[in-house]
Amino acid sequence: MQYDEEVIIANAVLGDHTDNYEEFDQDIDPEKLGEKLIQTNTLKGTYREYQLYAPRHLLLSFVEKKKAKTKEKNFRIDLAWLSSEPDHNKIVVWKWLYAALAAGACAGLFLFLAIAEMLKLEYCLVAGVITLTAALICSLIFVYLMRDEYIFKSYFGGARLFLIENKKPDQQKFDNYFISLQQIIDRTQANIPVTERLVGELKMCRRLRDEGIIDDETYTSARTAIFKHDQYKT
């Protein structure tokens with residue numbers, strides 16, 4: 001289907017809040033800034049800033065290091081078009097922890113053999129250093145791959161837009177900000193008709209695709225889901 005742009009323009013006659021580029025203040029008004037949450041991960045080289053703005057917007061600034069390259073993303077989300085129930089991903093790759101424990105046990109074994117003089121000291125030292133190094137590397141990989149995050153999506157299309165890591169910077173700050181974010185999302189949606197929410201979400205996803213925040217596949221999937229909604233068809 002190639003009628004999404006025409007449908008968006010046609011529905012603009014609703015006259016209420018949409019998500020066109022020009023409708024958002026390009027110059028940020030400091031008086032409209034709300035709560036802020038900053039999450040950093042030195043090991044992964046990531047920096048994430050979440051700044052509530054005006055009644056219903058979230059300003060996001062992400063910095064990530066991948067393959068010796070630093071990627072920065074600055075974008076905004078209209079909270080009225082989000083689901084207040086994000087996906088929760090808690091991933092622990094236990095095999096790396098088991099590998100670290102096994103390597104640590106081997107290092108301990110070589111230390112015992114050296115003390116008991118069952119093997120030559122130089123052999124035990126070399127083997128102990130190697131296994132201890134392996135234990136440290138496996139431990140770092142275990143920590144690096146561990147994830148406990150919430151991924152916020154658009155309400156009708158289910159497009160994954162941004163994530164927030166749990167317990168960063170600490171559990172209380174995270175919980176307070178997370179609950180506040182959910183409450184704002186629910187409150188902003190309360191008095192907006194479903195038809196306007198469908199159109200607004202579609203426009204926001206189109207804008208985020210154009211800005212390179214989401215890919216074409218994510219946008220197409222969200223657009224298809226929105227088009228199939230009964231209220232959009234009417």
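Asp 87 counts as partly exposed, at 22% relative accessibility, where buried means under 20% relative accessible area, exposed over 50% and partly exposed in between, with a 1.4 Å probe and protein chains only. The structure is a predicted model, in which local features need pLDDT of at least 70 and side-chain atom pairs count only at pLDDT 80 or more, whereas totals for chains, interfaces and linings use all residues. Residues are numbered from 1 along each chain as its sequence is written, and side-chain values use heavy atoms, with hydrogens and water left out.

The side chain of Asp 87 meets that of Lys 153 in a salt bridge, at 3.1 Å from N to O; the term denotes a side-chain nitrogen of Lys or Arg within 4 Å of a carboxyl oxygen of Asp or Glu. This pair links distant parts of the chain, since Lys 153 lies in strand E6 (residues 147-153) and Asp 87 in strand E5 (residues 87-91), 66 residues apart. Strands (E, at least two residues), like helices (H or I, at least four), are DSSP runs numbered from the N terminus. In general, side chains of opposite charge can pair when their charged atoms come close.

The structure holds eight salt bridges. One of them joins Glu 149 to Arg 147, with the closest N and O atoms 3.5 Å apart; Glu 149 is buried, at 8% relative accessibility, while Arg 147 is partly exposed, with a relative accessible area of 31%. A salt bridge is also formed by Arg 207 and Glu 211, whose closest N and O atoms are 3.5 Å apart. Here Arg 207 is buried, with a relative accessible area of 1%, and Glu 211 is partly exposed, at 38%.

Turning to the strands, four of them form an open sheet in the order E1-E2-E3-E4, with antiparallel pairing; two strands pair if DSSP finds at least two bridges between them. At the edges are strand E1 (33-41) and strand E4 (69-78), each of which pairs on one side only. Neighbouring strands of this sheet are turned by 10° against each other on average, direction ignored, the axes being lines fitted to C-alpha atoms, for helices over the stretch in contact, and the angles running from 0 to 180 degrees between N-to-C directions. Strand E3 (residues 57-66) pairs with E4 in the antiparallel sense over 10 bridges, and the bridge partner of Lys 66 in E4 is Lys 69.
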